[in-house]
Amino acid sequence: AITGPSGAQEKFFQLTSPTLSDNGLLTRKNAGKNPNNPNCVGENISPPLQWSNPPAGTKSYAIIVHDQEGRNGLGVVHWLAYGLAASVTSLPEGAGDGKSQVFVGGSNILGQGTYFGPCPPKTHGPHHYVFTIIATSLEPAALQPGLTMSQLLEAIGKNALGATGLIGRFGHG
């Protein structure tokens with residue numbers, strides 16, 4: 001926590017997970033599952049997430065899970081979830097399975113609106129998976145399903161009020 005001159009804790013927008021510390025290791029169950037890809041060794045279960053102290057005026061949130069190291073630096077979008085109402089302050093483990101009614105799914109690397117966990121090549125060290133939550137002034141139903149990451153960011157545009165993130169690492173080592 002940040003302490004100011006008065007000794008009081010400052011409240012800042014924060015994303016946390018009870019199962020993942022910032023820059024910690026994702027568990028094997030959080031890794032992707034795909035029998036056709038030997039790099040996908042997990043159960044494809046999204047980690048639980050919780051957030052607090054959003055910026056004033058927040059009406060909805062968007063969550064992006066992105067691996068900038070994936071595809072040899074071109075990046076991999078693992079999950080886009082948006083349209084979460086301002087009253088939602090957490091997602092339970094496994095919420096990324098696409099059955100949730102609290103968010104709209106965007107288009108991940110597979111073109112699906114669900115969580116797709118890490119599948120880094122066995123020849124790489126751990127990749128860094130950036131979990132970002134963006135507070136927006138958009139109404140929860142403002143954006144259509146299936147947006148790509150670039151379409152989502154463009155659609156949020158000037159409606160972005162603030163963001164915070166969490167990094168999870170995963171590799172085969």
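Why is the disulfide of Cys40 and Cys119 right-handed? The torsion about its S-S bond is about 115 degrees, so the disulfide is right-handed. The bond joins Cys40 to Cys119 with an S to S distance of 2.1 Å; a disulfide is a pair of cysteine sulfur atoms within 2.5 Å. A search of the whole structure finds one disulfide.

This is a predicted model, in which local features need pLDDT of at least 70, side-chain atom pairs count only at pLDDT 80 or more, and totals for chains, interfaces and linings use all residues. Residues are numbered from 1 along each chain as its sequence is written, and side-chain values use heavy atoms, with hydrogens and water left out.

Cys40 counts as buried at 10% relative accessibility, and Cys119 is buried at 15%. Buried means under 20% relative accessible area, exposed over 50%, and partly exposed in between (1.4 Å probe, protein chains only).

Turning to the rings, the structure holds four aromatic pairs. Rings of Phe, Tyr and Trp (its six-membered ring) pair if their centres lie within 6.5 Å; planes under 30 degrees apart count as stacked, over 60 as edge-to-face and the rest as tilted. Phe13 and Tyr61 have ring centres 6.2 Å apart and planes at 25 degrees, so this pair is stacked. Phe13 is buried, with a relative accessible area of 10%, and Tyr61 is buried at 1%. Trp79 and Tyr115 form an edge-to-face pair, 5.7 Å centre to centre with 85 degrees between the planes. Trp79 is buried at 0%, and Tyr115 at 2%. One aromatic cluster is formed by Phe13, Trp51 and Tyr61.
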